[in-house]
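Dear colleague,

I am passing on the structure that we spoke about, and below it you will find my notes on what turned up. Please read them with the model open beside you.

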Amino acid sequence: MREIHTDKIRDAVRQLYLDMLCTIGDDITLALRSGLEQEESPIGCMLLRQLLENNEIARNERVGICQDTGMAILFVELGQEIHLTGGSFEDAVNQGVREAYEEGYFRKSVVDDPLFDRINTKDNTPAVIHLRLLPGDKICITAMAKGFGSENMSAMRMLVPADGEEGVLKTILDTVRQAGPNPCPPIIVGVGIGGTMEVAAQLAKYATARPIGDRHADPRYADLEQKALSAINALGIGPGGLGGRVTALDVHIESCPTHIAGLPVAVNICCHASRHGKCEI
Amino acid sequence: MDYKKITPPLNEMTARSLRAGDLVMISGIIYTGRDAAHKRLFELLEKGKELPLDLRDQIIYYVGPTPARPGRACGSAGPTTSYRMDKYTPALLDRGLRGMIGKGLRSNEVIEAMERNGAVYFAATGGAGALISSCITEAVPILYEDLGTEAIHQMHVRNFPVTVVIDSLGNNLYEQGPVRYRRDTP
């Protein structure tokens, strides 16, 4: 049994958010640069250059890459041989988020009640926490900050088995086409296939945090990722939705077992400012 | 690329001369407002009251910035998605609002109100909040301060780069642009 004080979790979460909200991943920078080479629209090229410059300013001046510093979402894998001391796990995570958003001058964008009151909680908590208990004595945290310009453009469909690969591809394309300029293209498309309704949505979210260029282990899904990416970039939406070749930087699919009667598909769209980080305790 | 320079207030003649696809640099005073502030303005009009600020020939920027670090005029300040303001926008356009800066699609009702009044819709680059922040020289809350980031701010900008997406004739770059670059897939 390994003992871990929850202060360690709080500090790890705090550091993850302080870093990710000002510093874009190298994979995104490379993808934007390579997009600039492929883009044919002059306005599209101008926008991609602005994004590269924006990310430099954010990194150097420690200002948010985007003003929507998002809702905090954490996928936590907790080793079952760990004994947590020092108080509540969820409180520690929320305290880490609270401290990062205050210290980093990030926007607090969470409201307490979704429908009636909509009062800002003023510290960007509560975070969304997805917890899994796994063998071992480590804690693995994948943290994301998700803006709602792109979150609002996400969709899910309960397909049936007969819809097959074609149905999945159509769901992805319909979602991206309908989103148009709204989610700040170029986008990253996370797709969850299988499970139940909520599992597909969770897989889609997790998929958005995979590195650009990373492919599904099963070559058939990897092929579908490529096919979807090409089809999206043929739509012509382009950077900012003003027309162009570079609409998506990548498509990531996650799959899992499902029911004999079902084929749930969730499509979670993430903007080019895909802010996420990982750490292990 | 060539930019047209605009200094608000923006009169109807200038607004009507802009065309979808024009690149524009805005310098001067603009006003911020997003979901919550729009809702309050709209509710006042519904009750038959006057607006608490004169929007005639002014430009509203749909933005909710991050807090400013000490020494900065404003935090990260890119555009938010405009369609959430669509329900409230025609009423403001009918009272003289001349321009809007945001990102993303607008409803037919908004576009009709733009044509009727001679207004223009600009897109700023979504996700370029840090870059746009460096064009902002001052941001002061002037109304609904209790809304925090959503309060209406008077914002001084210098060379704020935007693109005309929908003009007063209803030309829409969000439709024309993708048609130009669309490819048929097998």
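K205(A) is buried, at a relative accessible area of 8%, where buried means under 20%, exposed over 50% and partly exposed in between, computed with a 1.4 Å probe on protein chains only. Its side chain and that of E151(A) meet in a salt bridge at 2.7 Å, N to O, a term that requires a side-chain nitrogen of Lys or Arg within 4 Å of a carboxyl oxygen of Asp or Glu. Because E151(A) lies in helix α5 (residues 148-151) and K205(A) in helix α7 (residues 197-207) of chain A, the pair ties together parts that are 54 residues apart in sequence; helices (H or I, at least four residues) and strands (E, at least two) are DSSP runs numbered from the N terminus. E151(A), at 22% relative accessibility, counts as partly exposed.

Please bear in mind that this is a predicted model, in which local features need pLDDT of at least 70 and side-chain atom pairs count only at pLDDT 80 or more, whereas totals for chains, interfaces and linings use all residues. Residues are numbered from 1 along each chain as its sequence is written, chains are lettered from A and ligands numbered from 1 in the order in which they are written, and side-chain values use heavy atoms, with hydrogens and water left out.

A second salt bridge to look at joins D250(A) to R215(A), with the closest N and O atoms 2.6 Å apart. D250(A) is in strand β8 (residues 248-258) and R215(A) in the loop between α7 and α8 (219-233) of chain A, 35 residues apart. D250(A) is buried at 1%, while R215(A) is partly exposed at 25%, and both belong to a network of salt bridges that also links R210(A), D214(A), E225(A) and E254(A).

Strand β9 (residues 263-270) of chain A has eight of its eight residues buried, so this strand is largely enclosed by the rest of the structure.

Turning to the interface, 45 residues of chain A are in contact (heavy atoms within 4.5 Å) with 45 residues of chain B. Two salt bridges are counted between these chains, and E61(A) and R72(B) meet in a salt bridge at 2.4 Å, N to O.

Best regards
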